[in-house]
Amino acid sequence: MATKNEPLVTHLYTADPSAHVFEGKLYIYPSHDIDHDGPTNDNGDQYTMEDYHVFSLENPTSPCVDHGEALHLRDVPWASKQMWAPDAAYRKGTYYLFFPARDKEGIFRIGVATSTSPSGPFQAQESYIEGSFSIDPAVFVDEDERAYMYFGGLWGGQLEKWQDGVFQQDAVEKGPEEPAYGPWAGELSVDMLTFKSAPQEITIIDEEGKSILAGDEDRRYFEGPWMHKYKGKYYLSYSTGTTHKIVYAVSDKPCGPFVFQGTILNPVVGWTTHHSIVEFNEKWYLFYHDASLSGGVDHKRSMKFTELHYEEDGRIRPVVL
Ligand code: FUB
């Protein structure tokens with residue numbers, strides 16, 4: 001059993017935990033970090049992951065169970081390397097594992113694999129989702145059963161290279177006074193394997209209705225989107241990357257525009273920060289990672305969780321670890 005701010009497991013390095021309640025249990029879909037001595041850079045070459053394990057908790061005080069390898073790179077026909085932050089969803093008897101990886105040309109795409117069990121094993125589709133790009137898929141199924149995928153990450157995640165709808169290796173990054181890059185969102189078809197319509201970029205604005213700017217590194221989107229709904233409002237939370245925070249913005253609609261609210265989690269040990277938010281038995285939990293177990297090695301991270309609280313007005317109380 002993990003205690004507050006302790007790794008959920010210590011036999012593997014795990015990161016980017018996406019938590020869901022399936023079949024009455026908490027299931028966690030993290031990245032599986034690999035130990036190596038290769039290069040570390042802004043392109044994210046240090047994140048060399050090759051497979052996914054699925055984990056579960058009967059409840060927040062029970063031991064974390066490792067269900068073993070659920071999908072390996074060798075079984076994904078279109079992918080070449082770097083299986084980064086995944087997510088999972090359920091619809092009509094099938095579990096879907098969504099995951100980013102580089103294709104054979106080195107371009108990040110988002111794929112999907114299916115299983116009849118939340119713990120896998122998952123069977124990958126022949127190709128990535130048509131029209132997908134970049135990293136960090138987060139799939140949200142709304143109360144009306146419509147499913148949306150949120151995705152995108154700067155730098156190693158290549159988001160800034162897709163601004164004209166095609167991959168441009170030499171795309172010029174936006175200046176600090178320009179509106180920031182947003183995450184993208186696309187509604188999924190009922191088969192959960194394709195986009196129903198082309199994904200669109202999401203706008204994040206401040207309380208005066210002005211766009212958050214690219215130079216506003218304490219508030220602008222970097223990577224790791226997550227969507228949840230609380231009292232009828234849509235909460236988009238994400239990592240600010242270079243300032244290492246988890247922050248959030250709120251909207252009345254699933255695809256925004258979203259109004260920036262504040263910080264959920266201040267910087268943790270390690271460069272990246274990545275989270276998910278889930279309700280279980282009428283309590284809310286933040287799943288996150290840090291690199292404390294490895295002594296601060298950025299690509300050797302451990303998933304953790306803590307309870308999350310809302311204020312009366314719907315604001316999220318910043319987490320104190
Ligand atoms: O785990 C690899 C990458 O690091 C993820 O895709 C990002 O969100 C960051 O956590």
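## Stop 1: a loop residue under cover

Start by selecting A214, which is buried, since its relative accessible area is 16% and the cut-off for buried is under 20%. Bear in mind as you look around that this is a predicted model. Where does A214 sit? You'll find A214 in the loop between strand 14 (204–205) and strand 15 (223–230).

Now show what A214 touches, skipping anything up to four places away in sequence: K174, G175, P176, E178, P179, A180 and R220.

## Stop 2: zoom out

How many helices and strands does the protein have? The count is zero helices and 21 strands. The radius of gyration is 18 Å, close to the 20 Å that the globule rule gives for 321 residues, so the protein is as compact as a globular protein of that length. Along the principal axes, the C-alpha atoms fill a box of roughly 50 × 45 × 45 Å.

While you're zoomed out, here are some overall numbers to keep in your head:

- Of the 321 residues, 58% are buried.
- Among contacts with a separation of 6 or more, 53% are between residues 24 or more positions apart.

## Stop 3: a buried charge and its partners

D290 belongs to strand 20 (residues 283–290). Is D290 buried or exposed? Its relative accessibility is 4%, so D290 counts as buried.

Look at what the side chain of D290 is doing. It makes a polar contact of 2.8 Å with the side chain of S292. There is also a polar contact between the side chains of D290 and K304, again listed at 2.8 Å.

## Stop 4: into strand 1

Jump to S18, in strand 1 (residues 13–22). S18 is buried, because its relative accessible area is 2% and under 20% counts as buried. Which residues is S18 in contact with, once neighbours within four places in sequence are left aside? Select Y27, I28, Y29, P86, D87, W226 and S276 to see them around S18.

## Stop 5: a strand residue with some exposure

Select E69, which lies in strand 4 (residues 65–72). At 39% relative accessibility, E69 counts as partly exposed. Beyond its neighbours within four places in sequence, E69 is in contact with D51, Y52, H53 and R74.

E69 and G120 are 51 residues apart along the chain, and their C-alpha atoms are separated by 8.2 Å.

## Stop 6: two cis peptide bonds

Stay on G120 and select P121 as well. What kind of peptide bond joins G120 and P121? The bond is cis, with omega at about 0°. P121 sits in the loop between strand 8 (108–115) and strand 9 (123–124).

Then hop over to G256 and P257, where a cis peptide bond also turns up, with omega at about 5°. P257 is in the loop between strand 17 (246–251) and strand 18 (258–265).

## Stop 7: two positive phi angles

For the last stop, look at backbone angles. Select K231, in the loop between strand 15 and strand 16 (233–239). Phi of K231 is near 50°, a positive value in a residue other than glycine. K231 has 69% relative accessibility, so K231 counts as exposed.

Finish with N281, found in the loop between strand 19 (276–280) and strand 20. N281 isn't a glycine, yet its phi is positive, at about 50°. With a relative accessible area of 64%, N281 is exposed.

Methods
Residues numbered from 1 in each chain as written. Predicted model: local features only at pLDDT ≥ 70, side-chain atom pairs only at ≥ 80, totals over all residues. Heavy atoms only, no water. Helix = DSSP H or I, 4+ residues; strand = E, 2+ residues; numbered from the N terminus. Rg over C-alpha atoms; globule rule 2.2 N^0.38 Å. Buried < 20%, exposed > 50% of the residue type's maximum accessible area, 1.4 Å probe, protein only. Contact = heavy atoms within 4.5 Å. Polar contact = N/O pair within 3.5 Å; in protein donor to acceptor, adjacent residues only side chain to side chain.
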